[in-house]
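Dear colleague,

I am handing over the structure below, followed by some notes on what was found in it. Please read the notes with the model open beside them.

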Amino acid sequence: MGYKDKYDVIIVGGGTGGVMAAIAAGREGAKTLLIEQYGFLGGTATAGGLCNMASFFYQDEQVIRGLPQEFMDRLVACGGATPHLRALKSYGSGYYASLYNRELYKWISMEMVCEAGVELMLHTYLADVVTEDNKVKGVVVENKSGRSTYYADVIIDATGDADVAVRAGAEWVMGDGAGVIQPGSLMFDMGNVDIERLHDYVMSTLEDYDVKTEQIPVDRPIPPNLQQRQFVAQGFYSLFREKAMKGEVYSAKESILFTTTALPGVISLNSTRCHFDPTDAESRTEAELDGHRQAESIARFLIRNVPGFEKSYLADSGIEIGFRESRHIVGEYTMQAEDVQRGRHFDDVIARYGFPCDVHKETKGSYWDDPDKETRTVEGLWIENDDAYDLPYRCLIPKTMDGLIVIGRCISVSHIAHGSTRLMPLVMAEGQAAGIAAKLAVDDQVEVRNVDITKLQRRLLEEGASLYRDEDAVKQEKARAKAAIEEFLAAKESVNTYEDVEWFD
């Protein structure tokens, strides 16, 4: 591939945000290098074992568009994802979700990155950062070729842990500032599940779930090669609690949360909880062991006890524990929970979002082994927002370091606000903005904190991003969703009644 040692833009981390940043920067004409530790792209979306992209919407209004939507359209077109599916009940799952095939997600990511002219360096780890006069100048990496140093005018930290920012000396906090962070999860899949039998069982035991929703297409059908019935449920309380209290199940949660996937006969389980420090190698190792212990135990429980799982098997798990939170940079602005929940607007908006503040249980220990009974009934917080909110560009810019844009879990937000901003669609939108901003900084020969926001917003809008509400489009989206829901309820058995469906009029 013929790597050179000087670039306009270097992105460290090829996850959901890093991929978007690389494509955006490459399309803007920047000489761009994308560095990734694995042999594939996607980050949490692939290595983390996830299967659903939730949510591009606030209620029935699509708020994430532009390059992220183009990416999802490419996935749908190749039979690698469903279109955005409307949840009839958003609690616990979000307003909409697109279910995707992780392997095709990897391929479309690589294909689009290469099409944009980006140089890609896989199997490569960040070792150190080159700084000069309080500015990041380059990165030192390790791979099978040894240790190398690469320089750029702008570095984009898409590591998820702010690894570049921390090594450079930028100011940061862990979690809520006192070290409290959300737990991680080992996502895992069960194969050869009888989906219709499982749906019938859920229908016959509806009182056993606190989260239950059908997910239905509203604008185009699900590709015929993919699972057609899509639904989510959290519960199995009567079965699960009884077995767990007898010591027959090892879990750090009080319930089982599953979703159907893009793949027929495959169920994804978000049912493990691992409390650890994702920036500490020993702690991460212990978490991996604990996550796999929980997954194996829960899989056995499902096969033995839940109709539809009788002939299933533990098919796959995340390559690593997916962690919801670790470091946050201290940026030029730190977004607060009230900004998210009140739907605040900012002059330097670079994306809009509306997912609720979803903060998972922060206490430690196995749910059933925890001696502190007061902590065992707390699953976390789910706080609905008054409206969609703006994400300001300043949250991506370290307060004390130049030459660096930070995207992903580690942007400058509070612990509670992070319950919303951590979702992958917003990270993708941040990536598009960061890639364009980096090229503007190079062209105008200014620091990234001094990028002309008007120019950045103009380019984002030209590339299809949603920065402002289109009232006419919202009316059409609401009408489309209402018609699709009514048609579904008239034709199909549903875990949701007409009365408990959310109608966003």
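Rings of Phe, Tyr and Trp (its six-membered ring) are taken to pair if their centres lie within 6.5 Å, with planes under 30 degrees apart counted as stacked, over 60 as edge-to-face and the rest as tilted. One aromatic cluster in these terms is formed by Tyr 201, Tyr 209, Phe 231, Phe 236 and Phe 258.

This is a predicted model, in which local features need pLDDT of at least 70 and side-chain atom pairs count only at pLDDT 80 or more, while totals for chains, interfaces and linings use all residues. Residues are numbered from 1 along each chain as its sequence is written, and side-chain values use heavy atoms, with hydrogens and water left out.

Searching the whole structure gives 17 aromatic pairs. Because Tyr 95 lies in the loop between strand E6 (85-87) and strand E7 (96-99), and Phe 504 in the segment after helix H12 (471-491), the pair ties together parts that are 409 residues apart in sequence (helices, H or I, of at least four residues and strands, E, of at least two are DSSP runs, numbered from the N terminus). Tyr 95 is buried, at a relative accessible area of 2%, and Phe 504 is buried too, at 12%; buried means under 20% relative accessible area, exposed over 50%, and partly exposed in between, with a 1.4 Å probe and protein chains only.

Of the 505 residues in the protein, 62% are buried.

Best regards
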